[in-house]
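Here's a quick briefing for anyone opening this structure for the first time. Have a look at it, then read on.

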Amino acid sequence: MKNLMKALLGSAVFAFAAGTASAATLDDVKSAGQLRCGVNTGLPGFASQNDQGEWQGLDVDYCKAVAAAVFDGDASKVQYTPLSAVQRFPALQNNEVDLLARNTTWTMNRDTALGLNFAGVNYYDGQGFMVRKDLNVNSALQLSGATVCVQSGTTTELNLTDYFNANNMEYNPVVIESQSDVNSAYEQGRCDVLTTDASGLYASRLELSNPDEHVVLPEIISKEPLGPVVRQGDEQWFDIVKWVHFGLINAEELGVTQDNVEEMVNSDNPNIRRMLGADGTFGQDIGLSADWMVNVIKAVGNYGEIFDRNVGPDTPLGIQRGQNALWTKGGLQYAPPIR
């Protein structure tokens, strides 16, 4: 019996040690000298490559923000891995990427059954529909019998079924894995309707040969809280990604920007001082430097600056803040305090 107990105890200790070792994502990222970040294969405003082959977009800036926090301000230490909707979760589960920042909807199943943790919501979205203006359709409730292009392996596909069933309407789905191929099928006339998140519809319309000939219908048929995702089992890494997100929102609320962050380090405001490392040990507590948020904000700005630069009113997408405004301005973006 004693030998059995020793064997069981030894196995438990080994399992704990092995689990602890495999959970050290921060150490792995530092050792590799770069953050492996899974992003969309190409979605303007969120993750796409410019003419120089450089990645840009709201999700890309989140990759850069985490890299800046980990590598003392060097936001260039990111290896971007473009992933389709079908590829994204296996890539994270199989440790092919350290962070998934790919306009991914937070759902209960994904947050529990897949062994993943969502670190926050960096864009509140909802699914919509786009059609050609010459169809003379002004409501999704007029789409019964339509052929609808939709990306496979997404909540979009499930929501589409739910919406048409709930409204006793029929439709013919054209299900395609790549969003770019979905867009091409729509433009080629293989379907009457294109459906995805509303932000994606505005991005897709920009890529059509005649954007003005298409209209996004007013209905929003789902809740699509999009955000960065990590693997379960590494609380330190989860905390780092989560608090980089919260830090970006707090920075906007406190008026700390990419231009004034160095000056704000000397602020008398205790909330700013804690966030920027002048007081407390908040960075050290999660394995980062005291000035982790200074590094993040210098690299990418605050949440509002990221939004405006990539998808805001002055960009080709022209998206208003809406529900992505701060809670102090009628929106949903709200972060716990750093204290």
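At what angle do the axes of helix H9 and helix H14 cross? The axes of H9 (residues 235-254) and H14 (residues 303-310) cross at roughly 95 degrees and come within 6 Å. That makes H9 roughly perpendicular to H14, as angles of 65 to 115 degrees count as such.

Before the details: this is a predicted model, where local features need pLDDT of at least 70, side-chain atom pairs count only at pLDDT 80 or more, and totals for chains, interfaces and linings use all residues. Residues are numbered from 1 along each chain as its sequence is written, and side-chain values use heavy atoms, with hydrogens and water left out.

**Where H9 meets H14**
- On the H9 side, the contact (heavy atoms within 4.5 Å) comes from Leu248, Ile249 and Glu252.
- H14 brings Tyr303, Gly304 and Ile306 to it.
- Sorted by type, the residues of this contact are four nonpolar, one polar and one charged.

**More on H14**
- Tyr303, Gly304, Ile306, Phe307 and Asn310 are the buried residues of H14; buried means under 20% relative accessible area, with a 1.4 Å probe and protein chains only.
- Looking down the axis of H14, these buried residues fall within an arc of 160 degrees, so they line one face of the helix.
- They pack against helix H3 (58-70), strand E7 (123-125), H9 and helix H13 (292-300).

**Over at Ser48**
- Ser48 sits in strand E2 (residues 48-49) and is buried, at a relative accessible area of 15%.
- Leaving out residues up to four places away in sequence, Ser48 touches Gly42, Leu43, Glu54, Trp55 and Gln56.

Terms used:
Axes fitted to C-alpha atoms, helices over the stretch in contact; angles between N-to-C directions. Helix = DSSP H or I, 4+ residues; strand = E, 2+ residues; numbered from the N terminus. Parallel < 35°, antiparallel > 145°, perpendicular 65-115°, else oblique. Nonpolar A, V, L, I, M, F, W, Y, C, P; charged D, E, K, R; others polar. Buried < 20%, exposed > 50% of the residue type's maximum accessible area, 1.4 Å probe, protein only. Arc of directions from axis to C-beta.
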